[in-house]
Amino acid sequence: MKRLILATTGLLLALAAPAYAQTIKVGATSGPHAQILEVVKANAAKDGLDIQIVEFTEYIQPNAALAAGDLEANSYQHLPFLKAQIDARGYDIVPVGKTTLFPIAVYSKRHKTVTDLPVGASISIPNDPSNGARSLLLLESAGLITLKPGAGIKATPLDIVENPKKLKIVELESPQLVHSLDDVDASAVNTNYALEAKLNPVKDSLILESPQSQYTCEIVVRRKDADQPWVKKFVAAYQSPVVKEFIQTTFNGAAVPGW
């Protein structure tokens, strides 16, 4: 009888489990994006999807690897960055689902408020076009600069038409911005790099991007794969209550579910 029960239990488990697990490689930057994907991975496994997370330390290679076929998807970038990459490099990749907003923020080791920034203060920003423009828009929202009308998400330092404090804009690679805080008056840093440096955008920043930002991140795949069943499974596993709760409880406002 005991053997019969065990055999029956094993049969029921086999019937309940997915027939097979499909494996996909998903690229993400180290830190919060990869951390969230670990929760997504466990969630997706219930639906027969085996996610292998491939971590990167910068923003360019995850798209190059996806376009080359070394990844099935990536999860780390917002739409303006994706569009800029496609325009510059001709990638045939597309967004398939929103993930998380990581608000960009301005930090300083020298000053406690925006009004403390002196005339001629140096502010470092990302040197990639989309995050550079994002940072300039953030500085404009704080009244520090005025940009040329219509510059929007393509703004560059050349589009600054009013700069009452004569701020000096220093463009650097995104991973270097946190380290530049020792050398500049302030720096606009993406949240994934800020959190790695133990900086919380909600508590430690001089200026914080609005939760209504257009810079919510996306899951991205090759266009030819956009309608594949595994894409729907992946997006559903990400856009789930368990992942939303993890984001809200883990990051305390430093990351916001974007779906």
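Predicted model: local features only at pLDDT ≥ 70, side-chain atom pairs only at ≥ 80, totals over all residues.

At what angle do the axes of helix 2 and helix 9 cross? In it, the two axes come within 10 Å and cross at roughly 145°. The crossing of helix 2 and helix 9 is right-handed. On the side of helix 2, the contact is made by P32, Q35, I36, V39, V40 and N43; helix 9 contributes V242, V243, F246, I247, T250 and F251.

Let me stay with one of these residues, I36. Setting aside neighbours within four places in sequence, I36 is in contact with V243, F246, I247 and F251, and also with T100, F102 and Y238.

I turn now to the nonpolar cores. The largest one has 27 residues, and the members that touch the most others are I36, V40, I51 and F234. At least two residues of this core come from each of strand 1 (22-29), helix 2 (32-45), strand 2 (49-56), strand 13 (217-222), helix 8 (229-238) and helix 9 (241-251). Helix 8 provides the largest share, 6 residues. There is also a second, separate core of 21 residues, which includes L117, L138, A188 and L206.

Next, helix 3, residues 61-68. Which of its residues are buried? They are P62, N63, A65 and L66. Viewed down the axis of helix 3, these buried residues fall within an arc of 165°, and therefore they line one face of the helix. The buried residues of helix 3 pack against strand 2, strand 3 (73-78), helix 4 (79-89), strand 4 (93-98) and strand 13. After helix 3 comes G69, with a positive phi near 90°.

S130 lies in helix 5, residues 129-141. Is S130 buried or exposed? Its relative accessible area is 2%; the cut-off for burial is under 20%, so S130 counts as buried. Beyond its neighbours within four places in sequence, S130 is in contact with H78, P80, F81 and Y215.

Finally, a word on confidence. The protein chain has an average pLDDT of 92, and 92% of the residues score at least 70. Over residues 1-17, however, pLDDT stays under 50, and the model shows 0 contacts beyond four places in sequence for that stretch.

Thank you for your attention.

Key:
Residues numbered from 1 in each chain as written. Heavy atoms only, no water. Core = buried A, V, L, I, M, F, W, Y, C linked by side-chain atoms within 4.5 Å. Buried < 20%, exposed > 50% of the residue type's maximum accessible area, 1.4 Å probe, protein only. Helix = DSSP H or I, 4+ residues; strand = E, 2+ residues; numbered from the N terminus. Contact = heavy atoms within 4.5 Å. pLDDT = per-residue confidence, 0-100. Arc of directions from axis to C-beta. Axes fitted to C-alpha atoms, helices over the stretch in contact; angles between N-to-C directions. Left-handed = near helix turned anticlockwise from the far one by under 90°.
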